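Please read this briefing alongside the sequence and the model.

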Amino acid sequence: MKAGVVHIERKAGTERREDEEILAARVRYAADEDPPGTLHAAIYRSPYAHARIRGVDLTRALGLPGVVYGLTARTLPPYAKPMSPFPFQTTDPFLQGNPTIKFFPHYGLASDKVRFVGEPVAVIVAEDRYVAEDALELIDAEYDPLPAVVDEELALTPESPVVYEGWGDNVMLRFRVAGGDADRAFAAADMVLREKIKSHRFAATPIEPRAILARYDPGSHTLDLRDSTQIPHVIATVLEASLDIPHLKVRVRSSPVGGGFGTKWGFYPEEWLMAVLAVAVRRPVRWVELRREHLVASSHAREQTHFIEMALTRDGRILGIRDRILANAGAAYPQGAAATIITTAMFVPGAYKVEHYEATVLGVATNKAPFGAHRGFGKAEAAYVIERMMDIAAGALGLDPAEIRYRNFIPPQEFPYVSATGARYDSGNYAEALRRCLDLLEHDRWRAEQRRRRERGVPGPLLGIGFALALEPSSATRMNSYNAGYFSVTMRVDPGGRVFVFSSGNDEGQGHATAAAQLLQQELGVEPDSVVYVEGDSLLCPYGSGSYSSRFSIVGTSAVIGAARRLRAKILRIASYLLRRPQEDLAVEAGGVVSRSTGERITLRDVARAAYLRLWELPPDEDPGLDVAYHYRDPNVGLVVDRNGRVAMFSSYPYTADGAVVEIDPDTGLLRILRYVSVHDCGRVLNEAIVVGQHLGALAHGIGGALYEELPYDAGGQPLHQTFVDYLVPTAREIPDIILDHLMTPNPFTPAGLKGTGETGTVSPPPVFANAVEDALRPLGVKVRALPLRPERIWRYMRTASGQGG
Amino acid sequence: MYPARFDYIRAEHWEHALEVLAQHGVEARPLAGGQSLVPLLKLRLAQPRLVVDIGHLPRGAVVADGSGIRIPALTRHADAEREPVLGLATSLVEDAASHIGDPQIRHMGTVGGALAEADPSGDWSAALIALRAEVVCQSVRGARTIPLRAFFQGPYSTALAPDELIAEVRIPPRPTAGRTGGAYLKVEWRAGSFAVAGVAVELVLDEERRCRDIGIGLAALGPRPAADEVVEALLRGRPLTDDAVADACALLGRRLEPYSDTRASAEYRRALGPVVFERTLRNAAQRALGGEVDARVW
């Protein structure tokens with residue numbers, strides 16, 4: 001894969017600082033941590049999708065030489081409290097009953113029932129992992145299997161098995177959002193389209209699986225977790241709330257993380273379990289996730305069924321949308337599921353001016369793995385539905401699929417735009433992005449070629465063109481959750497003149513250190529080599545909610561800039577005193593402060609030495625020291641939901657206009673990508689290498705979801721794709737050369753004009769390819785109803801259309 | 001992934017390996033390139049008491065003479081792919097070997113190991129069946145030669161006894177008359193994944209472009225890697241007209257006994273079989289006539 005047509009100047013000094021150490025394998029990931037005396041945990045997981053547990057007997061397992069300890073739900077130590085809920089803390093009156101979320105006390109190990117294949121039932125700790133795995137085979141567990149439910153529609157029927165008996169039904173979450181007057185809009189419509197659109201279950205699959213090393217020091221009551229997580233502070237907080245240990249202090253160290261993509265945004269049973277075990281055995285306990293565990297029991301995403309109705313005028317203007325959404329939340333310890341599902345309901349209108357909108361969403365518990373965060377978080381599902389509907393509507397009205405989009409886009413002059421769901425879109429130019437995309441795609445030429453082939457009945461490959469405008473709202477804030485709209489940074493200059501940045505972010509590969517150093521060069525005139533960037537340590541770094549929702553480029557960079565400016569003010573006050581020049585005459589540059597009028601200069605080190613070592617050089621009213629704390633408060637989010645469920649939950653609205661030309665082999669259903677264009681707007685681009693890398697990676701991820709990756713279950717709840725032999729992540733050969741272009745409409749709400757980056761690319765390919773394949777098969781009158789578009793599925797569409805059944 | 005406990009013997013030489021196998025029988029598993037056995041061990045789907053490592057033993061050279069081509073069992077896929085002796089004989093081997101797994105797998109995995117594994121979707125199996133190859137199987141009891149067409153007995157099941165190792169693959173000499181061309185095509189979902197359907201064809205055309213002889217090997221289209229001798233007989237002696245090809249494809253489609261798995265349904269495989277066969281046959285014919293072809297199914 002290579003990118004062409006990148007309209008960004010490469011600036012000197014923007015090379016990623018992180019790569020050399022990563023590529024030379026000098027970076028130590030969580031799984032590299034194996035101090036002397038470490039014990040190794042293996043987790044016994046449910047083989048059943050749904051069963052009552054009659055008993056779990058560890059006697060034989062604990063008797064195996066080398067096994068040190070083991071736990072089931074019945075033998076938990078008294079300090080083990082239920083896992084504290086995440087990210088929403090409880091059902092809260094603040095939410096005004098909308099959403100309603102059901103919780104249940106979850107202990108990390110199944111007690112009465114198992115609810116999905118892979119659910120932890122027992123854990124064994126041994127001198128090495130091999131012995132621990134051997135011991136799992138000696139566990140005597142007895143179950144009474146129960147009927148399983150895997151389908152979200154069936155789960156809502158009265159006959160369905162109930163996953164959580166205490167709830168009475170399988171509705172885990174209910175949320176409604178409404179803006180305008182949908183009933184009136186539908187009454188006035190020339191045409192109403194009704195569709196059932198389903199997005200499929202797949203997952204993020206970071207290269208580094210989850211890994212945890214837990215240590216407990218009873219002398220200081222400190223529990224130290226080296227944890228491959230995106231949210232170190234939050235894990236520390238929820239762990240403290242989940243363990244009844246007097247004077248307990250939890251420290252979570254996450255950095256570095258080898259890819260997260262949302263999977264590591266969550267509070268998992270394994271984190272709770274390793275903490276409980278480390279306290280019990282008083283030795284370090286380590287668990288490294290197996291790929292099979294990752295695929296069946298970390299978290300999955302995307303599986304939703306939409307019953308959508310769209311009211312249109314004859315000329316293709318959308319008057320209103322109603323949607324009823326069923327999200328297959330799996331066996332839900334309510335993790336990312338609730339937040340994801342609410343997000344989808346908020347963003348079905350996408351990039352279009354839809355003034356009348358109403359959606360209800362149900363999070364439905366089933367006997368599948370839990371639904372969690374995944375790059376594209378709820379917005380991918382929304383974008384898939386609306387971008388499919390735009391094509392379906394165009395077809396129904398005989399309009400060009402680009403034209404119907406132009407007629408409905410939110411026009412550039414209406415930004416910031418408040419949507420029917422209360423979202424505040426920062427900026428954008430959707431029509432321009434789509435125009436550029438179609439130009440680069442050579443849309444008109446391919447359309448003519450398609451017409452030629454069809455008119456002349458040319459046998460051979462079927463040509464299809466598809467495109468989509470994918471919106472990816474970024475930097476989420478949720479009421480009374482651990483995702484509040486702020487970002488914290490502390491910054492200090494040491495007496496040697498180096499700048500230490502302590503951030504509440506968490507890098508899983510994004511390049512935060514590179515970005516921060518670039519910003520400090522702009523704000524403080526310091527060279528990247530004199531910046532020390534620290535994050536991913538709950539003890540050292542200021543409190544914050546870590547990484548998710550592409551937030552570093554929005555709130556993270558803003559906090560770095562804010563802290564730097566606060567620090568600069570103090571630097572200038574001290575420098576003014578030292579140089580005897582007014583502050584207005586001074587500028588920070590090249591590692592120091594210079595007088596514009598006299599050219600006289602002092603170094604940052606001189607200023608720092610005054611602040612720490614030579615207090616007589618400080619202005620008399622100035623505090624010693626050279627450090628600041630800064631908490632950036634996001635100005636473009638709302639914190640209160642109104643009674644119709646409306647709230648400005650996201651801060652920034654990056655998007656991409658993507659298009660593809662594909663050919664399909666009529667005999668086999670094999671698909672070939674002839675051309676792929678992505679026109680991407682993440683606001684101002686701070687670092688080209690990071691943006692391009694993130695976007696191409698995201699596109700590969702999205703192409704995987706569109707064409708290859710899925711997590712199917714059989715009717716009994718057995719997961720069918722448990723290894724990478726079946727779960728097909730695309731390789732370099734599957735990813736085409738991408739023609740990439742950037743549109744830059746600055747974000748007016750952030751000091752640097754940045755939006756989120758790195759997620760839009762996962763959102764666009766599913767609708768692009770669904771639209772392209774449907775376009776290729778248009779002469780057959782086929783409607784694409786499911787993803788991924790593996791060749792057999794395409795073949796079935798063609799076969800059904802040609803009346804051969806299937 | 002953590003295998004169950006096993007003992008490990010690193011064979012000092014080939015005969016040593018045969019002695020160990022003779023002693024331990026079904027409780028021992030030979031380890032050559034490890035590309036099937038190691039994942040099976042790690043998933044605990046295989047739990048042998050003893051692993052006998054033969055992967056490091058001298059591989060030997062591929063040799064061609066009047067009696068045909070001999071490929072030592074420990075030949076790596078990547079070596080076979082680039083082996084000039086094989087390349088001169090048929091393009092079929094390069095087509096098949098170059099589409100196995102990924103470069104790392106091809107540098108570790110062995111020809112003998114792939115045949116002994118007897119995966120129904122095996123690329124080598126289909127290719128060598130089309131070439132009417134034989135395997136020389138050795139044990140302390142002696143050596144015997146088994147035609148590959150009789151070697152595969154079912155999914156992951158062969159005529160190999162527990163104390164036997166495949167020592168060598170023998171490809172019979174090319175016919176002296178006529179023009180030969182070989183091809184292998186497979187449908188796979190993604191680079192490096194197993195075949196969803198694969199067809200190998202080794203074709204001999206006479207001067208009038210009639211099919212003098214043909215070998216057909218099928219991968220992932222039935223319970224075991226197999227030839228289709230009825231279709232071979234139908235084409236033998238006939239000119240390769242469009243009608244003849246269509247008849248052969250239709251017959252092959254009717255005769256398939258495809259299976260369903262997580263990769264594809266039997267129904268889809270039944271549809272793919274004739275399509276892939278036709279394209280492979282055309283590639284083989286094209287090559288027999290000295291032309292270049294695209295070694296991808298589409």
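Predicted model: local features only at pLDDT ≥ 70, side-chain atom pairs only at ≥ 80, totals over all residues.

Residues are numbered from 1 along each chain as its sequence is written, chains are lettered from A and ligands numbered from 1 in the order in which they are written, and side-chain values use heavy atoms, with hydrogens and water left out.

**Interface of chain A and chain B**

- Chain A brings 37 residues to the contact and chain B brings 27 residues, where contact means heavy atoms within 4.5 Å.
- About 2800 Å² is buried between chain A and chain B, with carbon and sulfur atoms giving 58% of that area; buried area is the accessible area (1.4 Å probe) that two parts lose on being put together, summed over both.
- Eight salt bridges are found across the interface of chain A and chain B, a salt bridge being a side-chain nitrogen of Lys or Arg within 4 Å of a carboxyl oxygen of Asp or Glu.
- A salt bridge joins the side chains of A:D726 and B:R263, at 3.9 Å from N to O.
- Between chain A and chain B, 15 residue pairs are in polar contact, both residues being at pLDDT 80 or more; a polar contact is a pair of N or O atoms within 3.5 Å, and within protein one must be able to donate a hydrogen and the other to accept it, while residues adjacent in sequence count only if both atoms are side-chain atoms.
- On the side of chain A that touches chain B, the elements giving two or more residues are α3 (129–136), β30 (655–664), β31 (671–681) and α19 (791–801) of chain A; helices (H or I, at least four residues) and strands (E, at least two) are DSSP runs, numbered from the N terminus.
- The largest share of that side, five residues, comes from α19(A).
- The residues on the side of chain A that touches chain B are 16 nonpolar, five polar and 16 charged, with Ala, Val, Leu, Ile, Met, Phe, Trp, Tyr, Cys and Pro taken as nonpolar, Asp, Glu, Lys and Arg as charged, and the others, Gly among them, as polar.

**A buried threonine**

- A:T38, in the loop between α1 (19–23) and β2 (39–45) of chain A, counts as buried at 5% relative accessibility; buried means under 20% relative accessible area, exposed over 50% and partly exposed in between (1.4 Å probe, protein chains only).
- The A:T38 side chain reaches the backbone oxygen of A:P35 at 2.5 Å.
- Beyond its neighbours within four places in sequence, A:T38 is in contact with A:E127, A:L213, A:R283, A:P284 and A:R286.

**Aromatic pairs**

- Over all chains the structure holds 25 aromatic pairs; rings of Phe, Tyr and Trp (its six-membered ring) pair if their centres lie within 6.5 Å, and planes under 30 degrees apart count as stacked, over 60 as edge-to-face and the rest as tilted.
- A:W265 and A:F377 pair edge-to-face, at 5.6 Å centre to centre and with 90° between the planes.
- Because A:W265 lies in the loop between β13 (249–253) and α6 (269–281) of chain A and A:F377 in the loop between β17 (356–365) and α9 (379–397) of chain A, the pair ties together parts that are 112 residues apart in sequence.
- Both A:W265 and A:F377 are buried.
- The pair of A:F500 and A:F502 is stacked, because the ring centres are 6.4 Å apart and the planes are at 15°.
- A:F500 is buried, with a relative accessible area of 13%, and A:F502 counts as buried at 10% relative accessibility.
- One aromatic cluster is formed by A:Y352, A:Y406, A:F409, A:F415, A:Y430 and A:Y655.

**Helix α5 of chain A**

- Helix α5 (residues 232–242) of chain A is largely enclosed by the rest of the structure, because eight of its eleven residues are buried.
- The buried residues of α5(A) include A:H233, A:V234 and A:L239, and the buried residues of this helix pack against β12 (222–227), β13 and α6 of chain A.

**Backbone**

- Most residues other than glycine have a negative phi, and most peptide bonds are trans.
- A cis peptide bond, with omega about -10°, joins A:F415 and A:P416, and A:P416 is placed in the loop between α10 (401–408) and β18 (417–418) of chain A.
- B:A118, although not a glycine, has a positive phi of about 55°, and B:A118 is buried, with a relative accessible area of 0%.
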